[in-house]
Amino acid sequence: MAELSFTLNGQTQALTIDSGTPLLWVLREQLAMTGTKFGCGMGLCGACTVHLDGQPIRSCSYPAEFVNGKNITTIEGLAPTEDTLHPVQQAWLEMSVPQCGYCQSGQIMSAVALLKANSSPSDDDIDKAMSGNICRCGTYPRIRKAIHRAAELSVQYYQPATTEVGAES
Amino acid sequence: MSKLTTLSRRNFIRVSVMAGGGLLVACGGGSSSSNNNTGTPPNNGGEPTSPAEAFQVGEFMRISTDNKITILVGAAEIGQGALTAIPMIVAEELDADWSQVSGELSPVAANFNNPYFQNLLQFTVASSAIRGYFEGQRSVGAAVRQMLVSAAAKRWGVDASSLRTESSYVIDDIGGRRASYGELSSEAAQERVPSNPSLKNPADYRIIGSSPQRLDAAAKTDGSFQYGIDVDIPGMLTAVIARPPRFNGQALNVDDNAALAVPGVRGVYTILGGVAVVADDFWAADKGRKALQIQWNELLAGRTDSDTQRNAYNFRLNLPGVPIRSDGLVLLAQTLASETVSADYYFPFMAHAAMEPLNVVVDYDGSSAEIWTGTQSATLDKIFAGLILGLLPNQITFHAMPAGGGFGRRGNPLADYVRDACGVAKQLRQPVKVVWTREDDMKGGYYRPAAAVRVSASIDSANNISAWTHRSVTQDVTALLYAENLLDSLADFTLPPLKELTDFETGMPYKIDNVLMDAHLTVNLNMPALWMRSVNKFSDVFAQETFIDELALKVNKNPYNFRRDLLSEKPRHRAVLDAVADAANWGFPSSGRSQGIAVMGHWNSFVAQVVEVSVSANRELTVHRVVSAVDCGTAVNPDLVIAQVESAVVFALSSILFGEILLEDGVVQQSNFDDYPVLRMHQTPAIETVIVNSGNPVGGVGELGVPCVGPALANAIFGAIGERIRELPLTRSNFKIA
């Protein structure tokens, strides 16, 4: 057993876990954050993507004890407030991306990380950043459009306001 | 049931006042009430009902006094948008304010059965959700609208014909007044249910044909949408099941000492399908499973071997099968032909690989059960659960959950994953979530069956095709049900006729006088196979549409014109073919690229597709563009139709490029997305879709975009490098996928 303490979506969490338990299961089962999904258990599909200090990681194959003292952001912590959306989520809605929706939390977390590193990604940049996320419903073309749209929205979103964005900035 | 009034032969609706006002519309009827349950609707106030009555009548629609409308949907939501499109149909005839409409998945009850399957069961396969529910849902919406109008007419003392409805209001233009449906709902509930409500002229549709956003879109972007795998109930344990390495193997000796020593593991239970490890959480269960030592009895286990099976199938291509279609005199035409050519094709087993791994939550206490699972086949799942748990239908509350993909895998008439979970719960008698890992799913069977196909064509002296034959050898995914009479013990339940379920014909559309299509439907009890998105059309249309291309070139015709000429009596095929040729700029591909085309009709819908590819000198294949033209009669929500076609194109490309489950001596060789790759973002072409609205009755669209992608792609490859593709996936032919 191991003691674990980290910040999840801006809130400190302290709990006891079985050593070696992947972060995904701690999030889903112990902390009831079920927006992050189990897809493959090997970091191959990206459905479990969360941010560790702002960087995307595959939580299904990331031992939870390694996040001690760090900041984790999940899909639930992305929107700045309860009744506003992150620009990437907004773009996802505008482009009607989700079908079954199961992979979308992971897709959105990957897209947010991409836009943070590259505020105006090309199609090639998008391919590189998003090819670790599988969607069996085939929403890729809409994801691509939504990322371009989110880049536009982010300009409006990040520039005028000086407020904190998300829990991870 | 005093207020029960016949609406149509199959739909009975019942309207009552909700507690605290509002209107509750319930549906009764169907062929049987024995597999109903109350579904514990949250607002089931209404008039006092006896337990028996509540049991027989399922809630269908709620109009609350604040003018909000909730519509319950009997079809599964597997990503295709049924939870949006079906409420749209009701809202159209109801003249509802769409912004105040929401959808909920219905309880499992006969009143929600799919009319496409003769109202026998809730079953969302064969692209049948909209096709099945369309007419009935319109009638219900129209009936309730008429009742609201009658109520307003009475309130105002005017003639109902002087009133109109719009956006959830009844409007009296002459009197200059209006009342919301919510305000009128209690009075409307007293009105007689019209038995034959008049339906709108399609020209007057305001909601059908528009593309409002999916009702579930927001919850699917903020992580709040609940799938079966997210269900959590107090005291729930988690189980994983060790399954035999070969199908239908049985656990002979289980050494569970090491498994039970894993912290968090609560128990190990042998069930029919394997050995379940039950633990406090997933990780402990999975560790426990790895620690199990199991000796399997494999005397009767499956020994399917991909190579051996391929040889056997190829041999059977030489033998006549069961006729599916026979026009004219093929033998005579072949004898008289100047030439008869043929080609053989082969397609391997493929896994559905939906993103949400299979999972079931069962809370069984010995006398009743509550079950949650993402399913396309809720009725049969519930029946099997009852058989295994020894419960009557009214002792089981079954929650059909929205699923993270289905593609047919969640529509298993044998209910494999529900049976497994019930087997665990029966011994455990404590709430349990059975979770499949990706590996469990990949190795767990119920694949698209392998298929061999032979097509031949005879060409007469005038260069016309005088005869066409098409023979398939594949596994019948439904024969098992009928052969085994598995459902015999289920009182009061009949399956739809085999023909409805197998749906095997390809609809070969070309004007050819002599046609013989036959099939060998093999039964292999030890090799679980199941339908997968577009079923046999994936393989049969591949053969048909690549071979027709070969014939076109053989008689020196453009593949588009050749098809067009042969479709002179098929206006809807021709229309989509013309539309796609136009949209894709057929005949003028971008430099360095090659185009291929294909067309088909099925599910009461029609599709033609053009694929543009390039192939480098070292066989690196790039799919640049896929253009589709579809005619689904009436598009309820055109953007959902387009999304389904985009989805189908990507799904088809995964199968065409990579999809292959290989068995060696009964053991599945693939396990996860590393050795069973699927299409990723960087491999996805530009996808354009044109809807060619014919105004015909609604057709299915969930599978429509799949079958033509393969042949159009193969035809484009021929154009690029002059090589014919006779087997899938393309990685078998040493293409590298860019």
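Visitor: Which domains does the assignment give for chain B?
Guide: This is a predicted model. Domain bounds come from an automatic or database assignment. For chain B that gives domain 1 (5–204), domain 2 (228–298 + 358–435) and domain 3 (306–349 + 448–737). Domains 2 and 3 are each written as two segments.

Visitor: How many residues do domain 1 and domain 3 of chain B put into their contact?
Guide: A contact is a matter of C-beta distance, with a cut-off of 7 Å. Here domain 1 of chain B gives 19 residues and domain 3 of chain B gives 21 residues.

Visitor: Which helices of domain 1 of chain B each supply at least two residues of that side?
Guide: Helix H2 (82–94) and helix H3 (129–156) of chain B do. H2(B) gives the most, with four residues. By class, this side of domain 1 has ten nonpolar, eight polar and one charged residues.

Visitor: H2(B) and H3(B) come up together. At what angle do their axes cross?
Guide: For a helix pair, read the distance and the angle of the axes. The axes of H2(B) and H3(B) come within 7 Å and cross at roughly 35 degrees. The crossing is right-handed.

Visitor: Which residues make the contact of H2(B) with H3(B)?
Guide: From H2(B), they include Ala82(B), Ala85(B), Ile86(B), Ile89(B) and Val90(B). From H3(B), they include Ala129(B), Ile130(B), Tyr133(B), Phe134(B) and Gln137(B). By class, the contact divides into 14 nonpolar, two polar and four charged residues.

Visitor: H3(B) also meets H4(B). How do their axes cross?
Guide: Helix H4 of chain B covers residues 181–188. Its axis and that of H3(B) come within 8 Å and cross at roughly 90 degrees. H3(B) and H4(B) are therefore roughly perpendicular to each other.

Visitor: Which residues of H3(B) and H4(B) meet?
Guide: H3(B) brings Met147(B), Leu148(B), Ala151(B), Ala152(B) and Arg155(B). H4(B) brings Tyr181(B), Leu184(B), Glu187(B) and Ala188(B).

Visitor: Now take H17(B) and H18(B). At what angle do they pack?
Guide: Helix H17 (residues 638–657) and helix H18 (residues 709–721) of chain B pack at about 60 degrees, with their axes 9 Å apart. That angle makes H17(B) oblique to H18(B). Their crossing is right-handed.

Visitor: Which residues make the contact of H17(B) with H18(B)?
Guide: Val649(B), Ala652(B), Leu653(B) and Ile656(B) come from H17(B). Val709(B), Gly710(B) and Leu713(B) come from H18(B). Six of these residues are nonpolar, one is polar and none is charged.

Visitor: What does the UniProt record place at residues 222–300 of chain B?
Guide: A record can be read beside the model. UniProt, in an unreviewed entry, places "domain: Aldehyde oxidase/xanthine dehydrogenase a/b hammerhead" there. In the model the span is 19% helix and 38% strand. Its end C-alpha atoms lie 48 Å apart.

Visitor: What about the backbone? Which residue has phi near 70 degrees?
Guide: Most residues other than glycine have a negative phi, and most peptide bonds are trans. Asn248(B) has phi near 70 degrees, a positive value in a residue other than glycine. Asn248(B) lies in the loop between strand E10 (237–242) and strand E11 (250–255) of chain B.

Visitor: Where is a cis peptide bond?
Guide: It joins Leu728(B) and Pro729(B), with omega about -5 degrees. Pro729(B) lies in the loop between H18 and strand E30 (736–737) of chain B.

Visitor: On to chain A. What are its domains?
Guide: Chain A is divided into domain 1 (2–77) and domain 2 (87–158). Taken over C-alpha atoms, their centres are 21 Å apart. The contact takes 15 residues from domain 1 of chain A and twelve residues from domain 2 of chain A.

Visitor: Which strands of domain 1 of chain A each supply at least two residues of the side that touches domain 2?
Guide: Strand E3 (49–52) and strand E4 (55–58) of chain A do. The largest share, three residues, comes from E3(A). This side of domain 1 of chain A has six nonpolar, eight polar and one charged residues.

Definitions and conventions: Residues numbered from 1 in each chain as written. Chains lettered and ligands numbered in written order. Predicted model: local features only at pLDDT ≥ 70, side-chain atom pairs only at ≥ 80, totals over all residues. Contact = placed C-beta atoms within 7 Å. Nonpolar A, V, L, I, M, F, W, Y, C, P; charged D, E, K, R; others polar. Axes fitted to C-alpha atoms, helices over the stretch in contact; angles between N-to-C directions. Parallel < 35°, antiparallel > 145°, perpendicular 65-115°, else oblique. Left-handed = near helix turned anticlockwise from the far one by under 90°. UniProt positions renumbered as here; feature names shortened; annotations may be inferred.
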